[in-house]
Amino acid sequence: MALRTNHFVWLPLCLVSLAHAQVRDRARDLGIPLDGTPGRYNAITDVAGVEVGYVTLMQGQGKRVIGQGPIRTGVTAILPRGKATLEPVFAAFYAGNGNGDMTGTHWIEETGVLETPIMITNTLSVGTVRDAVVDWMVKRNAPGPFWYPVVAETSDGGLNDMKGLHVKPEHAFQALDAARGGAIAEGNVGGGTGMNCHGFKGGTGSSSRVLTEAAGGYTVGVLVQCNYGTRSQLRIAGIPVGREVTGLTPCVSQTIDPPLVAFDGTQVPVCAAGASPSAEEPELGSIIIVVATDAPLSPDQLKRVVRRVALGMGRMGSNNGNGSGDIFIAFSTANRGVDWGNSARSTLPAPTMVRLGSGLMDPLFTATVEATEEAIINAMLGAETMTGADYRRSWALPHDQVKRILAKYNRLVH
């Protein structure tokens with residue numbers, strides 16, 4: 001029997017750590033025209049060695065009670081070389097707009113070396129996850145006297161009791177331990193569980209590109225935690241889909257006392273036929289984007305690659321708005337053993353490093369833009385409608401309407 005207190009319904013905590021299920025059609029399944037050739041899984045895990053793990057936390061429904069719920073959150077873990085080795089990789093980061101957080105980036109900017117997993121969670125749980133990564137690395141006897149864990153965030157405060165700090169150290173451990181290669185789940189999973197994107201339900205998405213043999217045959221993989229943008233901005237395959245989707249405006253499944261109000265002070269309508277839509281919310285979200293490649297790139301070249309992520313967002317209609325934390329990181333799994341950062345003493349003679357010629361970078365730039373665009377679309381298509389704190393409902397992007405709109409403009413692959 002559920003216990004009702006202050007309109008909050010207690011339900012057993014649902015904790016899911018599987019990262020491999022796919023339950024909804026992805027962009028290519030719907031016939032959305034996308035450039036480039038994806039890898040086997042069309043995911044960041046197409047880059048050999050990269051592993052991804054999730055913990056998804058879901059509990060309760062009803063009015064928000066800080067410290068109790070409802071809970072709609074989680075943790076995502078990306079291990080550049082998998083759990084088998086914590087050997088560092090070359091890396092670079094870039095902020096399209098800095099209204100967000102990604103820890104550990106000062107050392108990456110200084111040396112171009114990433115020595116820890118990459119974690120993504122909600123805004124107020126960054127510290128918990130950061131400390132948990134240190135503990136996890138200590139328990140695994142990782143080399144080095146200290147580390148600067150990379151933990152990034154987007155805010156799930158609309159659907160989740162974010163101030164209740166429901167992400168615990170053990171959840172970060174579980175996400176790390178669950179990390180695997182292969183196909184990965186998308187939508188309402190991991191750190192993306194309670195996120196919204198372009199006015200619809202958002203979350204986690206991924207995609208990849210494999211270059212031709214003439215361009216080196218390298219792989220580029222992208223993973224996003226999508227929580228940014230407005231509905232009117234949303235473009236898919238160049239079409240302003242967000243402006244043409246009908247219905248499905250933000251609403252509440254039932255009212256509370258006092259009622260939930262929108263940013264303009266008006267009451268958020270109850271989800272029902274004929275309800276007056278709320279005014280479009282200003283962009284106050286964020287997006288974290290992780291780029292992986294097996295191309296032999298130096299940190300300065302990875303900086304060039306990671307800057308191109310914003311162009312992929314631009315294809316979706318984003319302008320990296322003031323209220324958004326658009327923060328990106330890229331790493332290369334090539335050049336093993338060249339630089340251990342703080343994790344080992346340097347030795348002479350220095351290891352040989354391979355660096356791609358600058359004139360050969362264009363295919364990698366293109367692959368990054370294309371995979372970023374598709375990963376965001378996959379995040380939205382993979383998400384399912386969610387009702388969270390205060391009965392707030394976030395609608396999934398309707399697959400049928402997307403297909404109808406793109407077909408109208410002859411932009412659907414048959």
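In these legends, Ala, Val, Leu, Ile, Met, Phe, Trp, Tyr, Cys and Pro count as nonpolar, Asp, Glu, Lys and Arg as charged, and the others, Gly among them, as polar. The structure shown is a predicted model.

**View 1. Lining of the largest pocket by residue class.** The largest pocket has a volume of about 890 Å³. Of the 32 residues that line this pocket, N196, P250, E281, P282 and R392 are the closest to its centre. The lining comprises 13 nonpolar residues, 13 polar residues and six charged residues.

**View 2. Strands that contribute to the largest pocket.** Two strands, β11 (196–197) and β19 (392–394), each supply at least two residues of the lining of the largest pocket. The largest share of that lining comes from β19, with three residues.

**View 3. The open sheet that contains β19.** Three strands form this open sheet in the order β15-β19-β18, and their pairing is antiparallel. The edge strands, each pairing on one side only, are β15 (251–252) and β18 (386–387). Between β15 and β19, the antiparallel pairing extends over two bridges. C251 has R393 in β19 as its bridge partner.

**View 4. Helix α7, residues 362–382.** Helix α7 is mostly covered, with 18 of its 21 residues buried. Residues three or four places apart in an α-helix point the same way, because such a helix has 3.6 residues a turn.

Conventions:
Residues numbered from 1 in each chain as written. Predicted model: local features only at pLDDT ≥ 70, side-chain atom pairs only at ≥ 80, totals over all residues. Heavy atoms only, no water. 1 Å grid on protein atoms, 1.4 Å probe; cavity = no way out; pocket = protein on both sides within 12 Å on 5 of 7 lines; lining within 4 Å. Points joined across faces, edges and corners; volume = space filled by probe spheres on them. Helix = DSSP H or I, 4+ residues; strand = E, 2+ residues; numbered from the N terminus. Expected span 1.5 Å × (residues − 1). Buried < 20%, exposed > 50% of the residue type's maximum accessible area, 1.4 Å probe, protein only. Pairing = 2+ DSSP bridges.
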